[in-house]
Each structure stands twice: as structure tokens, then as C-alpha cells.
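The following explanation is intended to be read alongside the sequence and the model.

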Amino acid sequence: MSLTVSVSGDLALRDQLKLLRLPPAKRKRYHRLLGKEVAKLSRRRVKAQQNIDGTPWKQRKKGRKKMLAKITRPKHLKVYAGSESVKVTWSNRLMGQIARQQQEGIGETMTAKRAARVKGKPDYQSDATASQAKALVKAGFKIYAGKYKSGAKGGQSKTRRVSQRWIRENMTLGQAGLVLRLLRDEPSKQSWDIPLPPRSFLGLSAAERGSVGQELLGKMADDAVSKRIANREPRGSIDERSS
């Protein structure tokens with residue numbers, strides 16, 4: 001299911017009546033303008049990386065690249081207007097699904113097979129990663145360092161801690177992963193959940209719902225007056241702004 005918002009605008013009774021008096025074609029124009037305003041405000045939030053209520057989005061765990069910048073471009077975010085309402089959504093189903101996951105904070109389950117398809121099969125013979133080295137040190141990883149002298153500590157073997165640098169230079173990715181699972185007493189995972197914080201952006205805030213529709217009606221009335229003056233039409237059209 002993709003993300004879609006249906007908007008009609010929260011108008012005062014006086015403005016609702018004014019909208020209802022307009023012919024269907026002009027009501028459709030009003031809703032098209034309303035949808036474009038929703039799309040514009042939504043892109044503005046994405047640029048600022050903010051929720052509809054103005055609070056900042058929770059950042060990625062890695063990297064600082066802006067999120068959702070591509071899918072909110074005008075060529076992807078579409079406005080479908082009618083005489084009664086307007087929908088703002090995506091014609092591309094995948095983009096709509098991604099938007100809904102982000103808007104509502106819907107996590108997903110990753111499997112080992114899917115991860116291999118997306119990222120490729122790991123090279124287990126490559127060097128251990130920085131994150132593995134950090135995790136091993138934190139888990140108390142030690143290496144063999146010889147034996148105590150005869151009789152000392154009951155013949156126990158010596159161990160010593162190592163640095164993250166030593167781990168990266170002397171252990172492979174596969175070895176580090178196996179040792180880390182053993183230290184944590186974790187089974188090999190075949191699937192795992194990936195949580196996703198909600199990052200709302202599509203729609204109107206409470207303040208915007210109370211003002212955007214009214215401003216658009218005013219703009220349409222002003223445009224109608226300007227057009228009538230230019231064409232020297234008589235007064236009294238139903239879409240003229242009332243005093």
C-alpha cells in the first residue's frame with residue numbers, strides 16, 4: 001500500500017459556502033491548487049528534514065545524506081484533483097510504499113538471503129571491519145599470550161586484550177563475526193527486524209489546514225476580479241470575493 005493524502009481543506013463555514021457556489025470546473029481548480037500547495041509544503045519539509053509538526057527527523061545511524069529528496073521531486077509526487085477533493089500521491093508504486101514506510105515508521109524484516117541479494121555475498125576473507133573490531137573490544141575479546149610458569153595459577157594460559165587496530169590487521173571478517181557471536185552467545189541470524197522511526201512530511205499541519213484553503217479562495221477571487229476588469233465584465237460573478 002502506498003502513501004496517499006486526500007485533502008479538502010478546513011474552511012470556515014462562510015468559505016465553504018463560497019466554494020460550494022463555484023461551478024465544478026472552478027472547484028476542481030481550487031482542489032488542484034490545494035494539492036500543489038500540499039506537495040510544495042511537503043517538499044519544503046523534506047528539504048528541512050522536519051516532521052509536519054515542525055520537529056526534526058531522527059537522523060540516520062550512518063551518514064548525513066538527506067532523506068526522501070528524490071521521491072518528492074515534482075515528476076514523482078503527483079496531484080489528482082476533482083471537483084470534490086484532491087489526492088496527492090505517487091504514480092510509482094514502489095516510491096509510494098517507501099514514502100508510507102517513512103511517514104508512518106513502518107519497519108521491515110530482513111533475511112540473510114535478501115541481504116545477500118541487495119548487498120551481495122560478504123567476502124568473509126576480507127579484513128575485519130571497524131565496527132566488528134569495536135564490538136569485539138567491548139565484548140572483552142582476548143588472545144592467547146603463552147603459559148604461566150610451572151605451578152603458577154594452576155598452569156593456566158595467559159591471555160591479553162588487543163586493540164581495534166590489531167583486530168583489523170589480524171582477523172578476517174568471517175573470523176571476527178564468528179568470535180563475536182560466540183562471545184555474545186548468539187545464534188547465527190537468518191532474519192532480523194529493522195526498525196524505522198516515523199518521519200512525517202506529506203499533508204498539512206493544523207495551522208496550515210486553517211489558512212491554506214482560505215488563502216487559495218482569496219487568490220482565486222482576486223484573479224477573477226483582475227480578469228473581469230481586463231475583460232470589462234459586469235460585476236456580480238459568484239466567484240467574486242464578498243465584502
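Q132 is buried, as its relative accessible area is 13%; buried means under 20% relative accessible area, exposed over 50%, and partly exposed in between (1.4 Å probe, protein chains only). This residue is found in helix α5, which covers residues 130-138. Helices (H or I, at least four residues) and strands (E, at least two) are DSSP runs, numbered from the N terminus. When residues up to four places away in sequence are not counted, Q132 touches L173, A176 and G177, contact meaning heavy atoms within 4.5 Å.

The model is predicted, so local features need pLDDT of at least 70 and side-chain atom pairs count only at pLDDT 80 or more, whereas totals for chains, interfaces and linings use all residues. Residues are numbered from 1 along each chain as its sequence is written, and side-chain values use heavy atoms, with hydrogens and water left out.

The chain as a whole holds eight helices and seven strands. Of its 243 residues, 31% are buried. Among contacts with a separation of 6 or more, 71% are between residues 24 or more positions apart. The accessible surface is about 16,300 Å², and carbon and sulfur atoms account for 52% of it; such areas come from the Shrake-Rupley method with a 1.4 Å probe, and for residues only the protein chains shown count as cover.

In soluble globular proteins, nonpolar side chains tend to be buried together. A nonpolar core is a set of buried Ala, Val, Leu, Ile, Met, Phe, Trp, Tyr and Cys residues joined through side-chain atoms within 4.5 Å. The largest one here has 27 residues, of which Y30, L68, V88, W90, F201 and L202 touch the most other members. Two or more residues come from each of α2 (24-48), β3 (86-90), α3 (93-104) and α8 (206-231), and α2 gives the most, with six. Apart from this core lies another, of eleven residues, including L136, V162, I167 and L180.

L68 lies in the loop between α2 and β2 (77-81). With a relative accessible area of 11%, L68 is buried, and beyond its neighbours within four places in sequence it is in contact with V46, W57, I98, Q102 and F201.

Most residues other than glycine have a negative phi. L68, however, has a positive phi, near 65°. D185 also has a positive value, near 55°. D185 is found in the loop between α7 (173-184) and β7 (191-194), and at 69% relative accessibility it counts as exposed.
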